[in-house]
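Colleague: I would like to go through the labels on this model one at a time. For each, please give the value and the cut-off behind it.

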Amino acid sequence: MSEEALWFAGRATGLVSLVLLTAVVVLGVLGVRRVASARWPRFAVGDLRRDVSLLAVVFLLVHVGAAVAGERVDVPVAAALLPLASEHRPVAVGLGAVALDLLVAVLVTGALRTRLPHRVWRAAHWAGCALWPVALAHALLLADVDSGVLPVVLLAVLCLAAVALSVAWRVAVPKKAAV
Ligand code: HEM
């Protein structure tokens, strides 16, 4: 793969991951019970949320792979999970690693949910809430200066608006009876 294609793949998958993670947060904030309807039962909404998270992981794997394989910047494999392991923009790249660590923790504890004490699962799930702002900060700090920061900032604003609106809706709309 050419260097330009890798760079493009890295940027595109980073942006898609951010959008997918925003969708996961929005679905989580709204709550399965509030979103569910006769057409979209609770299990379907729950499954959708899990599937979108898994899709985000796939895009993130390509994003990290492109960042590590690309030669424009020197990012070691370890930087995917270890904060400050990258000499290039250690804090900004490190925030990406923290977001990925939190996502893995949420998915693993989610998969083991029935075998873990509810308290442990809940604590890990709430810790996962930090994932999104951390990923957003990573994206904004690494927005490519050469090719324009504006698209990333616009996307970040849209993501922020989506989360803010979902929080407002959750506060305004009472819980429905189970569907
Ligand atoms: C939840 C996790 C992550 C999300 C949502 C995410 C998203 C993004 C976004 C949106 C950008 C800006 C792309 C642009 O300029 O258009 C970016 C840049 C970048 N990310 Fe991530 N990222 C994540 C995790 C990681 C991890 C774990 C690494 C470590 C290898 C990483 C390495 C990078 C690098 C090196 C750049 C700059 C790419 C370049 O300019 O060539 N990211 N990321």
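Colleague: Why is His-138 called buried?

Modeller: This is a predicted model, and the values are computed from it. The relative accessible area of His-138 is 16%. Buried means under 20%, so His-138 is buried.

Colleague: What makes His-63 and His-138 the protein donors of the iron atom of the ligand?

Modeller: The NE2 atoms of His-63 and His-138 lie 2.0 Å from the iron atom. A donor has to be an N, O or S atom within 2.8 Å of the metal, so both NE2 atoms qualify.

Colleague: Why is the site of the iron atom called octahedral?

Modeller: The iron atom has six donor atoms, and the angles among them run from 88 to 179°. Six donors count as octahedral if opposite ones are over 155 degrees apart and all others between 65 and 115. The site is classed as octahedral on that basis.

Colleague: Which parts does the pair of His-63 and His-138 tie together?

Modeller: His-63 is in helix H3 (residues 42-69) and His-138 is in helix H6 (residues 131-142), so the pair links parts that are 75 residues apart in sequence.

Colleague: How do you know that the length of H3 agrees with its residue count?

Modeller: H3 has 28 residues, which at 1.5 Å a residue should span 40 Å. The C-alpha atoms at its ends are 41 Å apart, which agrees. Among the buried residues of H3 are Val-52, Ala-56, Leu-60 and His-63.

Colleague: What makes the contact of Asp-51 and Arg-50 a salt bridge?

Modeller: Their side chains meet at 3.1 Å, N to O. The cut-off is 4 Å between a side-chain nitrogen of Lys or Arg and a carboxyl oxygen of Asp or Glu, so the contact counts. The structure holds one salt bridge. Asp-51 is partly exposed at 38% relative accessibility, and Arg-50 is partly exposed at 44%.

Colleague: Why is Leu-84 called exposed, and why does Arg-89 count as partly exposed?

Modeller: Leu-84 has a relative accessible area of 60%, and exposed means over 50%. Arg-89 is at 39%, which falls between the 20% and 50% limits, so it is partly exposed. Leu-84 is in the loop between H3 and H4, and Arg-89 is placed in that loop too. Neither is a glycine, yet phi is positive, near 65° for Leu-84 and about 45° for Arg-89.

Note on methods:
Residues numbered from 1 in each chain as written. Predicted model: local features only at pLDDT ≥ 70, side-chain atom pairs only at ≥ 80, totals over all residues. Heavy atoms only, no water. Donors = N, O, S within 2.8 Å, 3.2 Å for Na, K, Ca; no water. Tetrahedral: all angles 85-135°; square planar, octahedral: opposite > 155°, others 65-115°. Helix = DSSP H or I, 4+ residues; strand = E, 2+ residues; numbered from the N terminus. Buried < 20%, exposed > 50% of the residue type's maximum accessible area, 1.4 Å probe, protein only. Expected span 1.5 Å × (residues − 1).
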